[in-house]
Amino acid sequence: MPTTPTVFIIDDDPAARESIGMLIDSLGLKTEQFSSAEEFLSAFSADRCGCVITDVRMLGLSGVELQERLLAVGYRIPVILITAHANTQTTVRAMRNGAVTFLDKPCKEQEIVDAVNEAIALDAKWRAEDIDKEEAERLYQTCTEGEKDVMRLMVQGKANKVIARRLDVSLRTVEARRHNVFKKMGVDNVPDLVRLAIRLEQDIDSTGGEDDDAS
């Protein structure tokens, strides 16, 4: 997987592309330039790290439509939008989609530099989170179905006797599964297990149910 970040510059104005490209190159960062969102989408793959700088108004897909297309196919890469025709509706739409920032033309060089630095740092953070989640999922899949059942109730804060009653198993069985959960997930306590569960929100229901903890 490529680890060197690339700043993908998308604008149908060659002069604008070149200007931003020269600025980013001066920072020692790698750049790639595209004349349209469609051209970028045909060349981009999810393992490319970095960020996107795109004009909002372009022939074909707009910058905001590009942002939405990336989200639709599951590509999470920070997007910086630049426009000479800002309006509230477009800005709100872009920010709701997770745009790093929305810059008005003509942009100050420092604004672009700051936005790119923020975007690359955000991309690195997202990718680290994805790696952590993949590892958590791998560990989770080493657990048996019975251990997963116990884990779901553990992260809800249920006591062993409540878990035993819920699952209709013996207290000794719960204790054995609890021990295995800690061992397989590589944690020593419930708070650390809950942190792993947050990464596995699609697999582990960490929300509490009805309170039946009373003895």
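Visitor: Is Phe34 buried or exposed?
Guide: Buried: Phe34 has 7% relative accessibility. Buried means under 20% relative accessible area, exposed over 50%, and partly exposed in between, with a 1.4 Å probe and protein chains only.

Visitor: What should I know about the model before we go on?
Guide: It's a predicted model, where local features need pLDDT of at least 70 and side-chain atom pairs count only at pLDDT 80 or more, while totals for chains, interfaces and linings use all residues. Residues are numbered from 1 along each chain as its sequence is written, and side-chain values use heavy atoms, with hydrogens and water left out.

Visitor: Back to the rings. How many aromatic pairs are there?
Guide: The count is 6 aromatic pairs. Rings of Phe, Tyr and Trp (its six-membered ring) pair if their centres lie within 6.5 Å; planes under 30 degrees apart are stacked, over 60 edge-to-face, and the rest tilted. Phe8 and Phe34 make a tilted one, with 6.4 Å between centres and 35° between planes.

Visitor: Where do those two sit?
Guide: Phe8 is in strand E1 (residues 6–10) and Phe34 in strand E2 (residues 30–34), so the pair ties together parts 26 residues apart in sequence. Both Phe8 and Phe34 are buried.

Visitor: And why is the pair of Phe34 and Phe40 edge-to-face?
Guide: Their ring centres are 5.4 Å apart and the planes meet at 75°, so that pair counts as edge-to-face. Phe40 is buried too, at 0% relative accessibility.

Visitor: Which residues form the aromatic cluster?
Guide: Phe8, Phe34, Phe40, Phe44 and Tyr75 form one cluster.

Visitor: Okay, zooming out. How many helices and strands?
Guide: The protein has 9 helices and 5 strands. Helices (H or I, at least four residues) and strands (E, at least two) are DSSP runs, numbered from the N terminus. The order from the N terminus is β-α-β-α-β-α-β-α-β-α-α-α-α-α.

Visitor: What's the radius of gyration?
Guide: The protein has 24 Å, whereas a compact globule of 215 residues would be near 17 Å. That's taken over C-alpha atoms, and the globule rule is 2.2 Å times the number of residues to the power 0.38. The C-alpha atoms fill a box of roughly 75 × 35 × 30 Å along the principal axes.

Visitor: How much of it is buried?
Guide: Buried residues make up 40% of the 215.
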